[in-house]
There are 2 protein chains.
Amino acid sequence: MRSILKTSVAVASLVGWGTLSVSAAENLADVMKRRGLSQKDLLAAAKTYTPTGGRDEFVVFSSGGQSGQIMVYGVPSMRLLKYIAVFTPEPWQGFGFDDESKKILDQGKIDGREIRWGDTHHPALSETNGKPDGEFLFINDKANPRVAVVSLHDFETQQIVVNPILQSEHGGTFVTPNSEYVIEAAQYPGVLGRGYAPLSEFNDKFRGAVTYWKFDRAKGRIDVEKSFSIELPPYTQDLADAGKGPSDGWSFINSFCAERYVGGIEQGRPPFEAGCSANDADYLHVINWKKAAEVAAAGKTTKINGHDVIPMKTAIDEGLLFLIAEPKSPHGADVTPDGKYIIVGGKLDTNVTVYSWEKIKAAIDAKQFASKDPYGIPILDMKQVIHKQVQLGLGPLHTQYDSKPCIAYTSLYVDSQVAKYDYCEGKVLDKISVHYNIGHLMTMEGDSAAPAGKYLVALNKLAIDRFNPVGPLHPQNHQLIDITGDKMELLYDMPVPLGEPHYAAAIATDKLKPLIRYKYGTDSRTGLDSPFAVRPGSEKIVREPGKVTVFGTAIRSHFTPEIVEVNEGDEVTFHITNSERAEDETHGFAVSTYAGNLSLEPGKTASLTFKADRPGAFSFYCTEFCSALHLEMEGYLMVKPKGLVDQVSAKATDAVTYTKADFDKQYKTNLDTQTVIDSVVKYIMSTNYKDFPTVVALVEDAVDQLNFAKESRDKTDDAAKKGDWQQGTLWANQWWQYQVKAADIGLRVKTYLEEHGAKTVAK
Amino acid sequence: MRSILKTSVAVASLVGWGTLSVSAAENLADVMKRRGLSQKDLLAAAKTYTPTGGRDEFVVFSSGGQSGQIMVYGVPSMRLLKYIAVFTPEPWQGFGFDDESKKILDQGKIDGREIRWGDTHHPALSETNGKPDGEFLFINDKANPRVAVVSLHDFETQQIVVNPILQSEHGGTFVTPNSEYVIEAAQYPGVLGRGYAPLSEFNDKFRGAVTYWKFDRAKGRIDVEKSFSIELPPYTQDLADAGKGPSDGWSFINSFCAERYVGGIEQGRPPFEAGCSANDADYLHVINWKKAAEVAAAGKTTKINGHDVIPMKTAIDEGLLFLIAEPKSPHGADVTPDGKYIIVGGKLDTNVTVYSWEKIKAAIDAKQFASKDPYGIPILDMKQVIHKQVQLGLGPLHTQYDSKPCIAYTSLYVDSQVAKYDYCEGKVLDKISVHYNIGHLMTMEGDSAAPAGKYLVALNKLAIDRFNPVGPLHPQNHQLIDITGDKMELLYDMPVPLGEPHYAAAIATDKLKPLIRYKYGTDSRTGLDSPFAVRPGSEKIVREPGKVTVFGTAIRSHFTPEIVEVNEGDEVTFHITNSERAEDETHGFAVSTYAGNLSLEPGKTASLTFKADRPGAFSFYCTEFCSALHLEMEGYLMVKPKGLVDQVSAKATDAVTYTKADFDKQYKTNLDTQTVIDSVVKYIMSTNYKDFPTVVALVEDAVDQLNFAKESRDKTDDAAKKGDWQQGTLWANQWWQYQVKAADIGLRVKTYLEEHGAKTVAK
């Protein structure tokens with residue numbers, strides 16, 4: 001199948017190239033010429049191209065920006081694998097459409113208001129010993145201060161928590177080295193608890209804050225009761241990071257607009273941007289979260305909206321909170337893998353500043369403070385705690401790390417470049433231009449205690465002319481860069497088709513162990529057994545006054561039940577369980593013009609509730625192409641009009657009559673089909689198919705189908721015994737349908753075995 | 001910048017390969033070995049890899065399935081360029097969030113019910129003389145019978161029309177050769193007008209239908225008043241196609257379940273799938289739409305829900321409607337580029353059937369009918385009108401065409417293959433395995449009168465093991481296949497990260513001429529001037545009892561106004577116009593916890609209305625990273641609590657006081673910055689920059705920024721004259737902000753010119 005290129009004649013032997021056929025060589029040269037590819041381009045292609053069935057080395061979780069979702073893609077292929085719905089309803093996944101996920105989204109209501117979008121910014125992978133462990137993913141919503149928890153077992157959003165005190169946030173999510181806490185820092189100051197005060201009282205009544213959300217790993221949920229916040233000054237807090245190693249127990253938060261400027265361009269005042277960047281320095285907040293947790297646990301908090309808040313004064317008195325000057329408008333406070341340094345870039349500066357944790361700690365311990373801020377917070381002497389400043393270029397923004405010691409990469413927004421440098425020695429090593437203005441960047445596991453090196457992704461903000469034009473709204477541009485050598489090499493431009501990502505986190509492929517199927521009858525949104533699951537054969541329709549509840553199943557290619565009669569005005573709920581075991585045998589469910597979409601992966605139970613307020617005959621159908629008879633996977637919701645309510649309807653009669661001749665013909669077809677199936681089975685059994693887990697799963701599925709075929713054959717034979725050629729023919733056809741499904745799987749297995757070099761084994 | 005690979009020493013000269021450096025050769029071999037790439041893989045990589053800034057040859061519009069959206073990607077790079085929001089709200093694009101687009105979505109209400117998703121199936125490009133013209137795109141919603149119109153000028157959804165009579169559809173959208181009509185055929189039979197009848201009256205009361213939506217190209221909208229439908233039997237109509245050339249004026253619609261079987265597995269009956277595939281044949285509907293339009297215009301219709309419907313009997317009497325048997329469960333009725341044949345596949349068959357239009361027309365003209373169906377529709381003799389049947393394999397589903405005459409490609413669902421064959425001669429030429437079960441396929445412009453050949457995309461339904469696992473819900477797999485040679489070659493596997501696409505349509509890149517920016521103040525959803533647009537300097541806040549309306553602007557990096565005070569309970573509307581001219585300078589707008597997201601591309605005006613029902617101080621901000629000072633692009637919505645309503649609030653005062661020394665320092669910085677800018681300008685002017693349209697646009701933008709800088713400098717100087725060092729320093733900083741923006745653009749220009757080999761020109 002894949003031997004299309006005949007590599008018959010070797011004509012040249014390059015150093016390390018091996019043999020190359022005439023035809024391939026000709027073709028390659030022709031293709032490169034036709035497509036205008038340089039040798040460098042070809043090398044980049046070879047470094048990124050992933051043939052069918054190949055796996056990526058890393059999986060990236062990227063914020064989806066204003067889409068409210070998370071984007072998942074592979075490195076180095078840069079192929080998008082999935083959008084995970086988080087804050088915005090998304091019908092393909094049924095998220096915000098099935099009853100179960102509506103409950104998740106409803107957790108995100110703010111002060112009673114339903115919010116069905118988010119501005120996702122910074123995803124964070126759960127960590128064990130400072131390294132991503134592939135279990136959970138957290139992400140924040142800048143527009144509506146919230147944090148979501150995604151399970152990496154099924155890539156579904158499991159929880160949304162609303163920040164109880166902030167009206168705006170940005171500096172989340174960042175996790176502590178064992179995911180004890182998820183950090184969420186404020187952005188634009190507000191009155192804590194989302195209250196009101198006039199802007200004339202900005203300095204006194206407006207505040208920032210940072211929230212430490214307690215994560216309960218066993219439950220896979222944030223424990224709201226055990227979470228707490230610290231009141232901060234109305235500097236506009238920005239990004240954060242948790243310390244690790246020697247700095248474990250501490251966290252670091254940037255800020256901008258330490259000027260506390262309030263704009264008012266409509267009054268003739270210079271705008272926010274002028275007043276918020278007038279001074280040369282803003283403040284890095286240094287916070288002892290371990291001690292803060294103890295202070296909170298000791299009850300030294302005030303309650304705002306029922307939430308524990310450590311007042312700023314208490315934070316100062318308890319020695320939890322310190323400030324250090326940082327060059328203006330920073331964006332990124334990034335702790336080195338060994339936890340010894342914190343690197344901060346100032347967007348309106350040309351340097352990154354490398355702070356020494358050892359020096360910070362020494363100054364704090366010695367209470368050597370340069371001054372206090374207007375709120376009484378001790379300010380450390382910047383010069384005293386700096387390790388180095390490294391001049392990189394215009395607009396240093398965000399820093400991540402290499403697997404090699406002392407090597408960091410910082411994005412330069414204004415210069416549209418990435419700088420590689422030695423932060424121990426303070427020496428620039430390389431720069432590469434990107435296209436264009438770069439916001440964050442990401443190396444592989446590059447914000448963890450053990451970066452994996454190899455690749456860097458530049459999350460560029462303006463694509464401008466990089467791609468085929470698609471109207472005024474452009475895709476973003478994620479550029480993949482090879483960082484294995486001394487010089488960075490640009491490998492690939494990936495357009496982002498939906499949303500504007502901010503931050504991203506990569507994890508090695510082998511750390512992810514997602515499910516293939518759910519345990520039978522799982523409510524995926526809670527991860528628990530659904531009380532509404534039924535097994536095939538136990539389906540039922542429960543009728544109460546004004547309410548009809550369907551407990552159904554889906555299997556290729558039919559729903560049970562198929563006909564559901566309700567009265568106009570009834571509330572109707574369909575609970576459907578997908579009873580498939582086969583990988584990727586997802587079904588969907590929608591009722592025309594009424595409701596949808598359920599996404600029913602194997603083993604999942606999901607529910608759809610709606611009011612049947614308009615009479616009529618409405619079809620429902622499987623919304624996921626699941627089999628050759630997919631379009632026939634249908635049914636009817638009959639909403640009886642007011643005048644007919646509670647009347648029992650006459651059943652449908654068959655429009656076509658089948659005779660013994662029809663029966664015999666179908667029966668013969670089935671026996672012939674069985675012969676073909678037997679031959680495929682014989683072929684499979686003659687190979688070492690058990691060496692291929694994918695095939696073993698497919699064979700299991702085929703056996704299921706043949707068992708179903710057997711059941712239909714029994715019904716066929718029963719009907720034939722009674723001389724009921726109508727039912728006999730129809731059941732014979734159903735038997736054949738299962739045969740076709742088994743054959744379909746068998747052919748897939750055959751192709752797989754052929755393509756993967758299966759061997760014949762002795763009986 | 002791109003000369004990283006030094007290609008210094010040529011060591012080998014392959015046939016056609018040219019010179020290859022030692023280092024590149026070593027690297028390439030190493031990379032291939034490390035990544036396990038075969039020579040065939042490398043060739044495929046070279047055929048698909050698109051270096052930074054490169055363009056794809058074709059742009060594909062694919063249904064997004066249950067996501068309710070349209071997916072846009074490039075061929076051959078297979079990179080996703082955009083998701084276009086159609087039936088489902090999507091906040092990145094502001095679709096369903098701004099007031100303007102909510103009106104579009106509200107057009108899609110069915111019988112008063114708000115529906116905020118769709119199951120998009122078959123996109124169709126507008127055509128001129130049977131060829132795609134790149135102006136409009138149509139797509140249907142299977143779950144809720146609707147059709148949407150997308151403008152390819154800005155890739156935004158412009159209109160949604162609800163089918164007035166169907167309760168379910170599938171066979172849309174397909175356009176007639178000059179986009180006179182958009183075809184939408186029913187799927188599951190219902191009572192026309194979405195009425196009720198018991199299933200016992202299925203044969204008499206349930207019906208199918210096909211709707212011909214009249215498209216008004218000048219307006220870019222479907223003209224609902226001039227559209228009409230034809231009543232059809234309760235066979236489950238499926239896909240359609242319009243005739244062209246000799247068959248222009250006619251259309252063809254598949255069907256399945258001509259058995260009119262109604263399931264009821266819950267009653268012990270065999271399910272739909274058994275009874276709907278029991279017979280060997282279904283019916284191809286042959287319909288004269290040109291004559292039908294005349295019949296409708298002549299008033300020979302009945303009105304259902306105010307819509308013109310040609311009754312089945314009238315259609316028969318007027319000679320509009322004929323049937324031909326087709327092998328069972330077909331899916332795809334695909335007219336050849338020359339309009340002479342229609343190819344139909346039966347999913348439970350092994351053949352495709354090639355019908356001859358000449359023979360069909362001759363039989364119709366001669367009134368040579370084999371029989372009539374139960375509804376009196378003439379049935380043509382299948383044998384008499386067939387050109388060929390070609391045995392391809394199991395599950396032939398959908399056919400598209402090559403640029404070479406007589407060559408077709410058909411997907412084989414059960415075999416998981418694509419077959420290439422000569423339909424004139426009835427000869428199979430090649431087959432290729434795909435991964436896995438393929439639904440539709442697409443060649444470039446392959447359903448048009450002039451297919452472009454070159455590539456084929458297999459829209460596979462089950463990816464199973466092709467990609468890194470991402471949980472129980474898998475991506476789909478679109479496989480790119482090279483069809484230029486005699487043998488098809490698999491080039492690329494593209495995972496689909498969102499939704500399950502069904503059908504796709506490709507267009508040559510040069511036929512698309514989308515906008516880069518809107519005319520100033522455009523309501524993009526109507527394409528007309530927004531009545532709410534204002535120019536910079538004319539921003540205003542209009543107050544009426546219970547209502548505050550803001551007419552604002554956005555430019556990097558501030559909104560005008562910045563402070564908006566309202567009373568608790570007010571309805572608030574923000575109309576924001578993006579006053580940028582620069583390509584890709586999009587801003588966003590959201591009010592924390594209240595409302596968002598607006599996507600404001602250059603020139604666009606969009607509106608956000610909400611009720612300010614909770615008092616407090618709420619920030620608003622730009623949601624699209626637009627500039628170095630993006631985070632400072634903020635403002636406050638002050639919702640005064642009930643007790644303070646209508647009181648005038650005291651203004652904010654500055655927390656920081658600036659002195660003459662501060663002023664002088666900033667002033668000096670600005671003069672120094674100007675020197676740097678002047679040097680960049682000098683460099684640019686010394687080149688042939690005018691030869692690069694991208695650069696010309698950037699220079700225009702930089703000049704804008706420098707003009708803004710001049711305005712701020714004037715304000716700076718005015719303040720200085722008055723000795724107002726506070727305002728002077730702040731305006732000086734604003735002046736500097738504009739300088740930074742100009743410098744940012746200048747650096748981008750410099751990089752661009754260097755990378756594109758700009759030359760120095762004589763003065």
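Q: Two strands pair if DSSP finds at least two bridges between them. How many bridges join strand β28 (residues 417–422) of chain B to β29(B)?

A: There are 6 bridges, and the two strands run antiparallel. Strands are DSSP runs of E, at least two residues, and helices are runs of H or I, at least four, both numbered from the N terminus. This is a predicted model, where local features need pLDDT of at least 70, side-chain atom pairs count only at pLDDT 80 or more, and totals for chains, interfaces and linings use all residues. Chains are lettered from A and ligands numbered from 1 in the order written, with residues numbered from 1 along each chain as its sequence is written.

Q: Which residue in β29(B) does B:Val418 stand opposite?

A: B:Val418 faces B:Ile432 across the pair.

Q: How many residues lie between the strands in the hairpin of β28(B) and β29(B)?

A: The hairpin has 4 residues between its strands.

Q: Which residue has a positive phi of about 50° although it is not a glycine?

A: Start with the general idea. Most residues other than glycine have a negative phi, and most peptide bonds are trans. B:Glu445 has a positive phi of about 50°. Look for B:Glu445 in the loop between β30 and β31 (453–460) of chain B. B:Ile464 is another non-glycine residue with a positive phi of about 50°. B:Ile464 sits in the loop between β31 and β32 (476–482) of chain B.

Q: Is B:Glu445 buried or exposed?

A: Count the other C-beta atoms, placed from the backbone, within 10 Å: 20 or more is buried, 12 or fewer exposed, and in between partly exposed. B:Glu445 is buried, because 26 other C-beta atoms lie within 10 Å. B:Ile464 is buried too, with 22.

Q: Where is the cis peptide bond with an omega of about -10°?

A: That cis bond joins B:His435 and B:Tyr436. B:Tyr436 belongs to the loop between β29 (427–433) and β30 (438–444) of chain B. In chain A, the bond from A:Gly172 to A:Thr173 is cis, with omega near 0°. A:Thr173 is placed in strand β10 (residues 169–175) of chain A.

Q: How many residues does the contact take from chain B and from chain A?

A: Chain B gives 207 residues and chain A gives 206. Helix α12 (residues 725–755) of chain B supplies the largest share of the chain B side that touches chain A, 12 residues. In contact means C-beta atoms, placed from the backbone, within 7 Å.

How values were computed
Two residues are in contact if their C-beta atoms, placed from the backbone, lie within 7 Å.
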